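Please open the structure in your viewer and keep the selection tool at hand.

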Amino acid sequence: MSDLMPPAMAPSGTILAFKREASCLEIEGLCLAYGDKTALRDVTLRVPRHRVTAFIGPSGCGKSTLLRALNRLHDLNEDVVRQGRIRLEGSDIHGPEMDVAQLRRRVGMVFQAPNPFPMSIYDNVAFGLRLQGGLRKRQLDDAVEEALTAAALWEEVKDRLRASAWTLSGGQQQRLVIARTLAVGPEVLLLDEPASALDPISTLKIEELIRNLKASLTLVLVTHNMQQAARVSDYTAFLQQGELVEYGPTDSLFTNPRLARTENYITGRMA
Amino acid sequence: MAMSKQRGFPRGEGPWPWLTAGSVAISLLMLGALLLLLAVRGLGHFWPAPVTLVELQDGSRFAGMAVKEAPLPGGGGEERLYHTANRDLEGSPWTWVEVATIEAERHPDDLVVLERQRWGAFHGRLMALRGGDDGVEGQRKVGREDALVEGEAAWQSLVARLAELEALRNELARLRDDTILPLASRLADGENATLAAELARAEARLRELQMTMESGEVLLESVDGTRLWQPIEGIVRAQRPNAMSVPDKLAAWGQGVWRFLAEGPRAANSAGGVWPAIFGTVLMVLLMSVLVAPFGVLAAIYLNEVAHQGRMTRLVRIAVRNLAGVPSIVYGVFGLGVFVYGIGGSLDEWFFADTLPSPTFGTGGLLWASLTLALLTLPVVIVATEEGLARIPDHQREGALALGATRLEMLTRVVLPMATPAMLTGMILAVARAAGEVAPLMLVGVAKLAPQVPVDGNFPFLHLERKFMHLGYHIYDTAFHGSDVQAALPLAYATALLLVLVILGLNLTAIFLRHHLRSRHGRLPRH
Ligand SMILES: Nc1ncnc2c1ncn2[C@@H]1O[C@H](COP(=O)(O)OP(=O)(O)OP(=O)(O)O)[C@@H](O)[C@H]1O
Ligand SMILES: [Mg+2]
């Protein structure tokens, strides 16, 4: 696996630990273009299991593009051209025996803007489960409660499960979306700037939630907020103009960046 | 900015708030005036107007209602138009007189206004009534030996007799529709002695009723002294407007409006009600909605969700938008050629060959009219639905996909429910357009007179091949094609008002539905 590492990485304690991590997702030589506009250039990285990995980088560098490649959300866009390989637990996500719906249930995604469906809170959480079918009312009730509890929302909404999801606050909506995603039992959770539309308190709640979820899932987080990346992530990847510039343990990347480009970006932002 | 240089308006605003407010006010005013005109002219017709007994200087007299005044052609004075009725006596039910030549005008209480099935209204006096008194079994025919009732008693028994006639007519209609017609159709399927006996009994009862109705007549005298005998069954309504109190008139007005709504037309559409036209209009619009909704929605889904958003799709979209501007008569011609002659003609050859050459589907009818209007309103529905679909943010779609939904599941469970209000908006626009459309209907199935509504108790209950009446065409026909346009004009106004109300009712239903759907989850949040 060490050949997938960026070359300029000297061993140290945390880095040795990083090298030993078991990977959940492996991205290999990924190139992606929207028509003739290249968005990702030969990205190679692996996402360790049961860790939080953060993608940072300037706006338009391809963070969302990379994230959306991980559960094949680009499939709908006919203009997208892709090269390279992505493996989830060893199997190619573009392989012939991979079912897209199945993949998306295994790799859940939460978007920047809270996007609850125009249904009741209950129906939102039950949405993915109902798609699979085969659950009785009681099982469904239990699964909804479990998911809402895991998303730290149960206490706030347990008395109004039948109310429209659009009556919740932005922060609650975002946690509802996380609950909805957790309900289908994913192995990986992709979060694209999940807190950027929220107030500081809601942001803290989401961050705490992310840290707690690490025990059961692999998380990938895109964020513009350096402190947030530093607070919640174990590993950080820095992208610029579609290229992976530097990838490593969050502590060492923030305190001791290897490349000048990384340092400029981090210090420019953090100052 | 240049705006701030203008004087007389708040700085930086200029005249535009006033311009916009003014145009809104003018539009509303014009709409209100139109509705008021329709309401006053249409509904006023049912109010029992007083009859004036006019005596002219030359000694001639007539009874009538003043309709309008106009200046004399040569100048100097006015002339006035009276509705004097009595077409069988005078030749014309209208009389122009010079206002200056009027000697006296009186309103005697005993003047009667009779509405008759033939010859229009009668104005004059009721002298006597004979025959057909409510005797046993009502068997007596008109005869010389019948008792003659005169004066006030004659009026009383005429009123009683008319109420009785009304009941008889209802019984007759019930007997025909509920007993005789079903029996006859069952008999046609197979001979059966008991059925035949039942039918014979019902037919005997029918003849008996018809005979009872035929008895009795009244002696009428116009104010200038001409007399005539009028059979009672030919009288639709009798009033003495000058003797009526306001509550009486109100009751008569209510009854008049009710009859207008509930009865079929008489006298070549120049009198009577519009029930078949209301029924035809609503049924046609509903059928049209049922036909256009699935096609329009599917087409919009294809254009917005399925098709590759390339040059071709853009072209199709522009073409659809332009179809909305094609004159409706073109759709009518298309419907006539393709639906009526093409498809209808083939259907006749395949399934109704035994009745040819008289066409079944090969002539205008309810189905073809609804299809033609569905085609006409298709662009409206497509455009509205597409706009609704385009307004749904992509992250809602991606949210569904990210939970493992297929594209079909995403469409049916998230996108379509969110687009339903837009689809209903499209339906509202389509209904508004279709209900008021007349020109294409004239080619593909509307009839001047089709008293049988296309729904009845006989299999298959909904008769799609039948011709039907339509309020819009009824307006055109009464106002421009009757034998006595002047008399039918108030009915045209009333029909126009009714058409507006029917469209309003259909739209309110859709708006209510849309509101109901929206209020379930509130509006789309703006992110
Ligand atoms: N659907 C699309 N079609 C064409 N180009 C796109 C599309 N989506 C993104 N791009 C382009 O691809 C590049 C990468 O976009 P991406 O959304 O991945 O950036 P990002 O790092 O997520 O930016 P941000 O931090 O602003 O969200 C950008 O230059 C963008 O303009
Ligand atoms: Mg992004």
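Predicted model: local features only at pLDDT ≥ 70, side-chain atom pairs only at ≥ 80, totals over all residues.

**Stop 1: where the two chains meet**

About 2,200 Å² of area is buried between chain B and chain A, and carbon and sulfur atoms give 66% of it. On the chain B side 23 residues are in contact, and they meet 30 residues of chain A.

Next, select A:R68 and B:E398. These two residues form a salt bridge, with the closest N and O atoms 2.5 Å apart. Side chains of opposite charge can pair when their charged atoms come close. How many salt bridges are there between chain B and chain A? The count is one. Polar contacts across this interface, with both residues at pLDDT 80 or more, come to four residue pairs.

Which elements of chain B supply the side that touches chain A? Select α10 (394-402), α11 (407-435) and α14 (485-521) of chain B, each of which supplies at least two residues of that side. The largest share comes from α10(B), with seven residues. Sorted by class, the side of chain B that touches chain A has nine nonpolar, eight polar and six charged residues.

**Stop 2: the annotated segments of chain B**

Two of the segments may be examined in turn.

- Residues 414-435 of chain B are 100% helix and 0% strand, and the C-alpha atoms at the ends of the span are 32 Å apart.
- Residues 491-513 of chain B are likewise 100% helix and 0% strand, with end C-alpha atoms 33 Å apart.

**Stop 3: two domains within chain B**

Eight residues of domain 1 of chain B are in contact with nine residues of domain 2 of chain B. The buried area here is about 710 Å², and carbon and sulfur atoms give 63% of it. Select B:W94, B:F260 and B:L261: within domain 1 of chain B, these residues lose the most area to domain 2 of chain B, together accounting for 67% of what that side buries.

A search for salt bridges between the two domains of chain B gives a count of zero. On the domain 1 side, β2 (61-71) and α5 (246-262) of chain B each supply at least two residues that touch domain 2. Of the elements on that side, α5(B) gives the most, with three residues. By class, the domain 1 side that touches domain 2 has seven nonpolar, no polar and one charged residues.

**Stop 4: a salt bridge inside chain B**

Finally, select B:E69 and B:R80. Their side chains meet in a salt bridge, with an N to O distance of 2.7 Å. The pair links distant parts of the chain: B:E69 belongs to strand β2 of chain B and B:R80 to strand β3 (residues 78-83) of chain B, 11 residues apart. Over all chains, the structure holds 33 salt bridges.

Definitions and conventions
Residues numbered from 1 in each chain as written. Chains lettered and ligands numbered in written order. Heavy atoms only, no water. Helix = DSSP H or I, 4+ residues; strand = E, 2+ residues; numbered from the N terminus. Contact = heavy atoms within 4.5 Å. Buried area = accessible area lost by both parts, 1.4 Å probe. Salt bridge = Lys/Arg side-chain N within 4 Å of Asp/Glu carboxyl O. Polar contact = N/O pair within 3.5 Å; in protein donor to acceptor, adjacent residues only side chain to side chain. Nonpolar A, V, L, I, M, F, W, Y, C, P; charged D, E, K, R; others polar.
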